[in-house]
Amino acid sequence: MNLLRRILNAVGAVPDADGAPRSRRRPGRVFLGLGVQSFMRFNDGDPERVAGLGLPPLSNVTDVAELLGISERRLVWLCYPQHGRTRKQDHYIHFAVAKRSGGTRTISAPKTDMRTVQRAILRSILMKIPIHPAATAFYTGASVVDHAMLHTNCAVVVKLDLTDFFPTIGWRRVRGMFASLGYSTGISTMLALLTTTAPRSRDALQYACLPQGAPTSPAISNIISRRLDARLSGLAAKHGFVYSRYADDMTFSHASGDADIGRLVSSVQVIVREEGFVLNDGKTRVMRSHHRQIVTGLVVNDGVRIPRENLRRFRAILHNTERDGFDSASRDLGQDVREYARGYLAFIRSVEPDKAAKLVERHPWLVP
């Protein structure tokens, strides 16, 4: 206890009742845990780079707190409990959802305070950073249709999948990303702590990563993947392929059926590994034009369309709704059938507007 007290005194902090440190208001002196305290340096940034990117200048803890619209004490509270085996406060709600391919995925949804802070980081910093043109997800106006359109009417389409895309991006990589924008080690450390968290079962800082469910995670993943996208785009162009990435879904297509697929996949494996990601070899697919080619859930053999079985399933839901009533259909679906149907209709309209118009004609209740 005496040792801990001496450490806290040295950095100008004393603990609150909840275990988080309370600053003595010495400028730049906050305690965020023994695992990160050595990174709290604020004199090694590149202000000119920050200014050149049009980002807000952040020189100390006070600047970060003001940018996020919270007190310094609140800022420390949001940073501090996200690591360490004795954390008492978790700023996320963790739950598992089933994957379509089997197994489960852990969702870490930020609670209100953390979500508000992350949205401020997204708006003030992350949205101002350009991403590679090959990235077709996680920004305003992006859609699965845009991604699929790049690979229509091709002799061969190759799909590859990145394993555990967000969990692969650890807090040190996130800190390095903020540092690459020109922010000091201390500022980058705080921003990384605010945008990563560790699983409840393994809450040491070394396991902290991008949370699936945080508003900042998609933008950070796109920024960190810029070099991956650049290298894969260069590889694709060298061998006559078109490349694009939608989140963890990478797609290559070629106009010739004689394209060297084996050489492409081998080179992709090397680049993915060198860029710190992991390829899910079990999900690699080579689709030729005489079979159905699916890209982000859409058929791309001849233009872009929704798979027939998906439309049949949707029409069945509409039929059952009109036969059994909204309440019964909602119970069977597990959610409000009106919201689901209108949402899926909007998706159909974005892909095949003619089919959407015919559905509305037959089922007028789809239009609120």
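**Helix packing in the predicted model**

Helix 8 and helix 10 are roughly perpendicular to each other, a term applied to angles of 65 to 115 degrees, because their axes, which come within 10 Å, cross at roughly 75°. The contact (heavy atoms within 4.5 Å) is made by Arg173, Val174, Met177 and Phe178 of helix 8 together with Ile220, Ile223 and Ile224 of helix 10. By class, this contact of helix 8 with helix 10 has 6 nonpolar residues, 1 charged residue and no polar ones. The model is a predicted one, in which local features need pLDDT of at least 70 and side-chain atom pairs count only at pLDDT 80 or more, whereas totals for chains, interfaces and linings use all residues. Residues are numbered from 1 along each chain as its sequence is written, and side-chain values use heavy atoms, with hydrogens and water left out.

The protein chain holds 16 helices and 10 strands, taken as DSSP runs of at least four residues (H or I) and at least two (E), respectively. Of its 368 residues, 46% count as buried, that is, under 20% relative accessible area with a 1.4 Å probe.

In helix 3 (residues 61-68), the residues Val61, Val64, Ala65 and Leu68 are buried. They cover an arc of only 95° around the axis, which puts them on the same side of helix 3. The buried residues of helix 3 pack against helix 4 (72-79), helix 5 (112-124) and helix 9 (185-195).

Notes:
Axes are lines fitted to C-alpha atoms, for helices over the stretch in contact, and angles run from 0 to 180 degrees between N-to-C directions. Angles under 35 degrees count as roughly parallel, over 145 as roughly antiparallel, 65 to 115 as roughly perpendicular and the rest as oblique. Ala, Val, Leu, Ile, Met, Phe, Trp, Tyr, Cys and Pro count as nonpolar, Asp, Glu, Lys and Arg as charged, and the others, Gly among them, as polar. Buried means under 20% relative accessible area, exposed over 50%, partly exposed in between (1.4 Å probe, protein chains only). The arc is that of the directions from the helix axis to the C-beta atoms.
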